[in-house]
Amino acid sequence: MDLGLVDKVAIVTGSSRGLGLASARALVAEGCRVCICARGGERLAEAAVEVDAAARRPNMVLAVQADLSTQAGVELVVARTMETYGRLDVLVNNV
């Protein structure tokens with residue numbers, strides 16, 4: 001299915017497992033660049049490998065460890081996404 005997401009940039013919060021992880025995999029499979037984020041670093045690293053395996057090309061996944069219940073955590077995720085990809089098109093607020 002072509003959802004018109006090729007080269008779009010998404011942040012998927014709470015994306016180290018469950019629906020967030022599934023959303024990130026689906027977006028990257030559609031050609032979207034995806035920032036995944038979660039509080040737990042170990043599980044986030046595992047999720048990054050899993051999402052990267054679904055990617056159409058290299059450098060499609062950015063993993064940022066952050067606590068999105070804090071303003072600093074939110075600012076970090078958005079800033080790293082903007083630094084890496086230069087824009088933001090989609091937000092999946094799963095957290």
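Student: Is arginine 33 buried, partly exposed or exposed?
Tutor: The model is a predicted one. Partly exposed residues fall between the buried limit of under 20% and the exposed limit of over 50% relative accessible area. Arginine 33 has a relative accessibility of 24%, so the residue counts as partly exposed.

Student: With which residue does arginine 33 form a salt bridge?
Tutor: A salt bridge requires a side-chain nitrogen of Lys or Arg within 4 Å of a carboxyl oxygen of Asp or Glu. For arginine 33 the closest N and O atoms of such a pair are 3.5 Å apart, and the partner is aspartate 7.

Student: How many residues apart in sequence are the parts that aspartate 7 and arginine 33 tie together?
Tutor: Aspartate 7 lies in the segment before strand E1 (9-12). Arginine 33 belongs to strand E2 (residues 33-38), so the pair ties together parts whose separation in sequence is 26 residues.

Student: How far apart are the closest N and O atoms in the salt bridge of aspartate 7 with arginine 57?
Tutor: The pair is formed by aspartate 7 and arginine 57. The separation of their closest N and O atoms is 2.3 Å.

Student: Which parts of the chain hold aspartate 7 and arginine 57, and how many residues apart in sequence are they?
Tutor: Aspartate 7 sits in the segment before E1, while arginine 57 is in the loop between H2 and strand E3 (61-65).

Student: What relative accessible area does arginine 57 have?
Tutor: Partly exposed covers the range between the buried and exposed limits. Arginine 57 is partly exposed because its relative accessible area is 32%.

Student: What is the phi of aspartate 7?
Tutor: Aspartate 7 is in the segment before E1. The residue is not a glycine, yet its phi is positive, at about 70°.

Student: Where is asparagine 59, and is the residue buried or exposed?
Tutor: Asparagine 59 is placed in the loop between H2 and E3. Although not a glycine, asparagine 59 has a positive phi of about 60°. The limit for exposed is over 50%. Asparagine 59 has a relative accessible area of 64%, so the residue is exposed.

Student: Which helices are linked by the salt bridge of glutamate 50 with arginine 25?
Tutor: The closest N and O atoms of glutamate 50 and arginine 25 are 2.4 Å apart. The two residues are 25 residues apart, and the pair links distant parts of the chain: helix H2 for glutamate 50 and, for arginine 25, helix H1 (residues 18-29).

Student: Which residues are the closest to the centre of the largest pocket?
Tutor: The largest pocket has a volume of about 200 Å³. Of its 13 lining residues, the closest to the centre are Gly14, Arg17, Ala38, Arg39 and Val95.

Student: How many residues of the lining of the largest pocket are charged?
Tutor: The lining includes 5 nonpolar residues and 5 polar ones. The charged residues of this lining number 3.

Student: What is the area of the nonpolar surface patch that includes Val78?
Tutor: Valine 78 lies in helix H3 (residues 71-85) and counts as partly exposed because its relative accessibility is 34%. The patch is made by Val74, Val78, Met82 and Leu88, with an area of about 280 Å².

Definitions and conventions
Residues numbered from 1 in each chain as written. Predicted model: local features only at pLDDT ≥ 70, side-chain atom pairs only at ≥ 80, totals over all residues. Heavy atoms only, no water. Patch = residues over 30% accessible without salt bridge, like charges linked within 9 Å, V, L, I, M, F, W, Y side chains within 5 Å. Areas by Shrake-Rupley, 256 points an atom, 1.4 Å probe, with all protein chains shown as cover. Helix = DSSP H or I, 4+ residues; strand = E, 2+ residues; numbered from the N terminus. Buried < 20%, exposed > 50% of the residue type's maximum accessible area, 1.4 Å probe, protein only. 1 Å grid on protein atoms, 1.4 Å probe; cavity = no way out; pocket = protein on both sides within 12 Å on 5 of 7 lines; lining within 4 Å. Points joined across faces, edges and corners; volume = space filled by probe spheres on them. Nonpolar A, V, L, I, M, F, W, Y, C, P; charged D, E, K, R; others polar.
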